[in-house]
Amino acid sequence: MTVGTKTRRVVGGLERGRKSSVKRFLDQYGDVRRFTEQLSAPLEIEDYVIQSMPDVSPTKWHLGHTTWFFETNILVPAYPGYVPFDPQFAYLFNSYYVSLGPRYFRPERGLLSRPTVKQIYDYRLHVNRHVQELFQDLSVDSLDQWLRILEIGIHHEQQHQELILTDIKHVFSISPLHPAYNRDGANSRQDVKIPALEWIGHPEGVYTIGHDGRGFAYDNELARHRLFLDSFQLASRLVTNGEYLEFIEDGGYNEPLLWLSDGWNRVESEGWSAPLYWEKRDGRWWIMTLSGLKELDESEPVSHVSYYEADAYSRWRGARLATEGEWEVAAIDLPIDGNFVESGNLHPAALEKGGSEKHPSQMFGDVWEWTQSHYSPYPGFKPLSGALGEYNGKFMSNQFVLRGGSCATSRTHIRSTYRNFFPGDARWQFSGIRLARNLEE
């Protein structure tokens with residue numbers, strides 16, 4: 001049977017489209033994998049293995065875990081005859097995927113001297129090579145399924161790039177030597193004049209939030225849905241170190257009426273008296289950064305505060321935190337622009353120019369912004385099938401939503417619908433404060 005000209009064109013077009021799609025995803029895969037190793041490059045071998053608290057993972061674990069993700073979720077099920085690099089890695093580098101088998105105890109990841117850093121880099125090379133081979137040989141029928149998982153893995157690795165930075169910052173912070181990861185970043189400018197904080201109003205109404213299905217999104221950003229919002233105002237910029245210092249000096253950490261019960265318990269049990277990484281010496285405040293110990297710049301956005309601290313500060317100011325719906329409505333039409341990891345600064349930057357009367361500044365980058373919203377499913381939420389269904393849905397309790405990304409987030413990773421989430425006492429991430437209030441206030 002002779003294939004007609006039109007049929008040949010369709011088949012040829014599908015093949016060209018397939019090759020283009022594969023190339024695009026493999027290019028993204030290669031770029032992200034290289035950037036992970038670029039972020040790890042400033043470290044000494046000794047730095048790769050330290051775990052300074054249970055929430056922190058050693059850098060070498062992040063390198064291994066992100067590689068395990070691709071091996072376990074793509075190579076093992078999709079590559080006929082694939083032999084895992086080391087069968088024991090499935091136990092060592094599984095994080096919380098219960099359906100995929102037993103896992104090494106998370107708080108003890110820093111006790112493992114083996115596998116070595118070199119072995120983990122060899123592991124990454126092994127998996128990279130096989131991923132490239134696999135996607136050159138996949139049939140059109142199965143391509144979409146595995147490209148979708150590859151895309152999830154790429155974004156998953158970007159999440160761990162941010163964790164590599166925040167975790168090594170905590171590791172370095174416990175050293176009396178205050179080592180610097182990035183000597184060229186965190187350049188303070190004490191002469192910056194911060195624009196006055198203004199209030200941008202939004203009328204009551206029915207709004208639509210959630211991802212619209214175009215491009216990549218995690219399952220927790222779906223389904224797109226409507227919600228009613230009362231009129232509200234959002235602050236035109238982030239809260240600064242200097243403004244938060246006023247809260248400290250006014251006795252904010254000594255006034256239980258400002259705090260939620262769980263937050264006050266933390267203040268008392270942990271001895272909180274300032275954000276994480278703040279240190280007072282001879283009457284002057286200093287802050288640990290990824291560039292080492294620096295004198296506090298009052299013009300920079302306050303960072304490394306918990307939800308409880310953000311909530312208490314907002315109450316002290318006679319304001320509140322935004323809901324995630326309010327935040328998304330205010331951000332939906334804004335460009336994804338800000339101080340991200342690509343800047344190389346790796347530290348929240350002072351705002352030198354304010355936004356417009358209608359649009360706030362610093363909505364993306366610098367610091368993750370706490371919202372008052374509990375992390376819960378959207379109406380119509382459906383977790384992914386199989387093991388990847390454990391990625392987000394099972395954490396929808398006892399967490400609060402943060403929005404906007406930080407100075408450690410990749411620009412290509414963030415969007416206005418992105419929902420980050422952490423427990424209320426988490427402080428080691430670049431988390432900060434944007435105020436909100438009801439319109440009549």
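1. In this predicted model, Trp-278 is in contact with Asn-241, Tyr-244, Leu-245, Ile-248, Trp-285, Trp-286, Ile-287, Leu-296 and Val-302, leaving aside residues up to four places away in sequence.

2. Trp-278 also belongs to the largest nonpolar core, which holds 114 residues. Phe-135, Leu-150, Tyr-244, Trp-278 and Ile-433 have the most contacts inside this core. Helix H5 gives the most to the core, twelve residues. Another core, of five residues, lies apart from it and includes Phe-381, Met-396, Val-401 and Phe-421. As a general point, nonpolar side chains in soluble globular proteins tend to be buried together.

3. Helix H2 (59-78), helix H5 (140-173) and strand E11 (420-422) each contribute at least two residues to the lining of the largest pocket. H5 has the largest share of that lining, with six residues.

4. Helix H8 (residues 307-316) is mostly covered, with eight of its ten residues buried. The buried residues are Tyr-307, Tyr-308, Glu-309, Ala-310, Asp-311, Ala-312, Tyr-313 and Ser-314. They pack against two helices, H6 (241-249) and H7 (261-270), and against strands E8 (320-321), E9 (368-374), E10 (400-403) and E13 (435-438).

Note on methods:
Residues numbered from 1 in each chain as written. Predicted model: local features only at pLDDT ≥ 70, side-chain atom pairs only at ≥ 80, totals over all residues. Heavy atoms only, no water. Helix = DSSP H or I, 4+ residues; strand = E, 2+ residues; numbered from the N terminus. Buried < 20%, exposed > 50% of the residue type's maximum accessible area, 1.4 Å probe, protein only. Contact = heavy atoms within 4.5 Å. Core = buried A, V, L, I, M, F, W, Y, C linked by side-chain atoms within 4.5 Å.
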